[in-house]
Structures are given as C-alpha cells and as structure tokens.
Amino acid sequence: MKTINLSEQNTILNRFVSELRDVDVQRDSMRFRRNIERIGEIMAYEISKTLDYSSLETQTPLGTSTTNVPVDSLVIATILRAGLVYHHGFLNCFDKAENAFVSAYRKYRENHQSFHIHIEYIASPRIDGKVLILTDPMLATGGSMDLSYQALTTKGEPKHIHIATIIASRQAIEYCERNFPQDKTTIWAAAIDPELNESAYIVPGLGDAGDLAYGEKEG
C-alpha cells in the first residue's frame, strides 16, 4: 500500500488547501465549494498518471494523430454530503467514469461525544475489475471510508482502490493502511494533520466541511 501526501510538493494545490482552512475565506461558501472542486480536479490528474494506457489513433483534418489514452474503467464513489462538490471535481476530469454514492454519517450517542458510523443508502454500478476511487474531503477516523468500501464490495471486487481525501488525520491514514487491501490500495491526501480532538474532529483541520459547503444541519 502506498500513501501519497501531496502537500509535500510545492504546487498550487497548497494554496487551495490553505484557503479551505482560513476562517475568513470560509465565510464565502461559494469559494469554499470551488476550492474543493479544484482540489478534486488536481487529485484526479495525479491519479490519472497511475492508470493503464493504450494508443489511440485520431483522424484530424490534415492527417492521423496517435495518443496514449487511459483504458481503465473507473467508478467514482463519494460519501455524502460534503463529498458532492469534491466528486464533481473528479468527474470534470474523468467524464466517462461511472458513479456511486454512499450515505455514511456519524450517529452520536446521548453524551454527544461518542458515536457510531451509520450507513443508510448506497447507489452503485458493478465495480468488478474496475478502478474504484473513494472520495471524501475529510478523513478523520477512517471508519466511514472503511464501512463505505465494505458496502460497495456487495457490487463486486475492484481492480484497484484509490482513497482520495483533502485533509486526513494521521490516525485515519494508519487505520486505512491496516484495514484496506494491501496489494491494491493507494491513499491520496492533500494534507495530513497530526491529531483528532475529543469529538474526533481533525486538528488543525478546517471544521465541518459539509456545513461550510452547504449550510449547518440540525442535530
């Protein structure tokens, strides 16, 4: 298994992540969503380098051009709801990909500190032999990502799994490294933060990505 921390490279991606974290910039929900979308586009470009390719001949008005193009069948799978705009960024690049959606959320107990992950909904094509890209902007504990993957395996076994997140905790990275298939999983993160607080939020993180993108929810 390979874990790639894109913040270790000096690219424009780091500016978009910095703006996502900035409490002043966060007041502009449209910019917050657009930055998530742009990070999805950059992440898709990075993942595209790992796919299988073959040559394709294209007829132009003046001759024939040969280009290497990806041949893998892709499924982009997103955890609702914060992942929606992130998903769209991936789809902007992988416009021929199939799509899957999983509703996974924290169901808090009465003390509002402990919780369990609840899977409520899944819509997915078959994923047999396809490259599965699991997208979620925030990877806090890894539990939602793991349960979502387990739900998706009812639709088949993928050729390769890419876990794509914007900000992950070190704890979540280690959890995924332990629990996902070692021989066919790659983890991609735009940044990896050192810890979780008592409510299992990433520190320094950025807050609740879903609320910042779409407004606060009740409960």
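**Entry 1: terms and ground rules**

I call a residue buried when its relative accessible area is under 20%, exposed when that area is over 50%, and partly exposed in between, using a 1.4 Å probe and protein chains only. Helices (H or I, at least four residues) and strands (E, at least two) are DSSP runs, numbered from the N terminus. I am looking at a predicted model, in which local features need pLDDT of at least 70 and side-chain atom pairs count only at pLDDT 80 or more, while totals for chains, interfaces and linings use all residues. Residues are numbered from 1 along each chain as its sequence is written, and side-chain values use heavy atoms, with hydrogens and water left out.

**Entry 2: helix α1**

I began with α1, residues 13-21, and found L13, F16, V17, E19 and L20 buried. Their directions fall within an arc of 160 degrees seen down the axis of α1, so they line one face of the helix. The arc is taken from the directions that run from the helix axis to the C-beta atoms. I kept a general point beside this: an α-helix has 3.6 residues a turn, so residues three or four places apart point the same way. What covers these buried residues of α1? The cover includes α2 (29-48), β9 and β10; contact here means heavy atoms within 4.5 Å.

**Entry 3: E37 in α2**

Next I looked up E37, which sits in helix α2. E37 counts as buried because its relative accessible area is 12%. Not counting residues up to four places away in sequence, E37 touches V85, H88, G89 and N92. With N92 there is also a polar contact, side chain to side chain, at 3.0 Å. A polar contact is a pair of N or O atoms within 3.5 Å; within protein, one must be able to donate a hydrogen and the other to accept it, and residues adjacent in sequence count only if both atoms are side-chain atoms. I also checked E37 against S65: they are 28 residues apart in sequence and 32 Å apart in space, C-alpha to C-alpha.

How many of the ten residues of helix α4 are buried? I found eight of the ten, so α4 (residues 143-152) is largely enclosed by the rest of the structure. The buried ones are G143, S144, M145, D146, S148, Y149, A151 and L152.

In α5, residues 170-179, the buried residues are A172, I173 and C176. They span an arc of only 100 degrees around the axis, which puts them on the same side of α5. They pack against β1 (2-5), β8 (138-139), β9 (160-169) and β10 (185-193).

R178 is also in α5, but at 59% relative accessibility it counts as exposed. R178 and M1 are 177 residues apart in sequence, yet their C-alpha atoms are 9.5 Å apart in space.

**Entry 4: two residues of β10**

Is T185 buried or exposed? T185, in strand β10, is buried, at 2% relative accessibility. A polar atom of the T185 side chain lies 2.7 Å from the backbone oxygen of P181. Leaving aside neighbours within four places in sequence, T185 is in contact with M1, K2, H160, I161, I163 and F180.

**Entry 5: two backbone details**

I started from a general point: most residues other than glycine have a negative phi, and most peptide bonds are trans. A200 is not a glycine, although its phi is positive, about 65 degrees. A200 lies in the loop between β11 (195-196) and β12 and is buried, at 11% relative accessibility. The peptide bond from V203 to P204 is cis, with omega near 5 degrees. I found P204 in the loop between β12 (202-203) and α6 (209-214).
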